[in-house]
Amino acid sequence: MILENFKRESIVPMPVAFISTISENGIRNIAPYSCFMPVLRPFDLVCVASAKRRDTLDNLKSTGEFVINMPGTDMADKVIPTASHVPPDVDEFELAGLKEKPSKRSRHQGLKDAMHGWNVN
């Protein structure tokens, strides 16, 4: 669906989540997404939309796992570095200066300073 300009601004800004993944080669990836939502409760299914093919999507498809991290407003400065298009062999946690938090359910790391994190597999 394509929204006209005056309609688009009525739903923006949307909350931003960081989705963290690991490539099959072990490279950590993290990217901001605002197009995500739970489909069933309690988070049995999650819908994530990506307008372009990104490393996050490739990692998610190849491993079947990812972590949704809900950052606080104190992490707003991390959105731009993680939204940058960089080669797949760049560790985006290092690029943005983010600290990982080990996941309990998957090999994908969460975000240490996030308010909440959900493992999805």
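The legends below describe close-up views of a predicted model.

Residues are numbered from 1 along each chain as its sequence is written. Local features need pLDDT of at least 70 and side-chain atom pairs count only at pLDDT 80 or more, while totals for chains, interfaces and linings use all residues; side-chain values use heavy atoms, with hydrogens and water left out.

**View 1. Overview of the chain, with its 4 helices and 8 strands.** Helices (H or I, at least four residues) and strands (E, at least two) are DSSP runs, numbered from the N terminus. In that direction the elements follow the order α-β-β-β-β-α-β-α-α-β-β-β. Of the 121 residues, 34% are buried, where buried means under 20% relative accessible area, exposed over 50% and partly exposed in between (1.4 Å probe, protein chains only). The accessible surface is about 7900 Å², and carbon and sulfur atoms account for 57% of this area; areas come from the Shrake-Rupley method with a 1.4 Å probe, and for residues only the protein chains shown count as cover. Contact means heavy atoms within 4.5 Å. Of the contacts between residues at least 6 apart in sequence, 60% join residues at least 24 apart.

**View 2. The hairpin of strand 1 and strand 2.** Strand 1 (residues 17-22) pairs with strand 2 in the antiparallel sense over 6 bridges; two strands pair if DSSP finds at least two bridges between them. Threonine 21 stands opposite asparagine 29 of strand 2. The hairpin has 5 residues between the strands, and glycine 26 has a positive phi near 85 degrees. In strand 2 (residues 28-33), 6 of the 6 residues are buried, so the strand is largely enclosed by the rest of the structure. Arg28, Ile30 and Pro32 lie on one side of strand 2, with Asn29, Ala31 and Tyr33 on the other.

**View 3. Strand 1 beside strand 5.** These two strands pair in the antiparallel sense over 3 bridges. Asparagine 69 in strand 5 is the bridge partner of phenylalanine 18. Strand 1 has 6 of its 6 residues buried, so it is largely enclosed by the rest of the structure.

**View 4. The largest nonpolar core, with 8 residues.** Its members are Ala17, Ile19, Ala31, Tyr33, Phe36, Phe66, Ile68 and Met70. At least two core residues come from each of strand 1, strand 2 and strand 5 (66-70), and strand 5 gives the most, with 3. A separate second core has 7 residues, including Phe18, Met75, Phe93 and Leu98. A nonpolar core is a set of buried Ala, Val, Leu, Ile, Met, Phe, Trp, Tyr and Cys residues joined through side-chain atoms within 4.5 Å. Beyond its neighbours within four places in sequence, isoleucine 19 is in contact with residues including Val48, Thr56, Phe66 and Ile68.

**View 5. Arginine 54 over the face of tyrosine 33.** The distance from arginine 54 to the ring centre is 5.1 Å. A charge sits over a ring if NZ of Lys or CZ of Arg is within 6 Å of the ring centre and within 35 degrees of the ring normal.

**View 6. Serine 50 in the loop between strand 4 (46-48) and helix 2 (55-63).** Serine 50 is partly exposed, at 29% relative accessibility. Serine 34 is 16 residues from serine 50 in sequence, and their C-alpha atoms are 9.4 Å apart.
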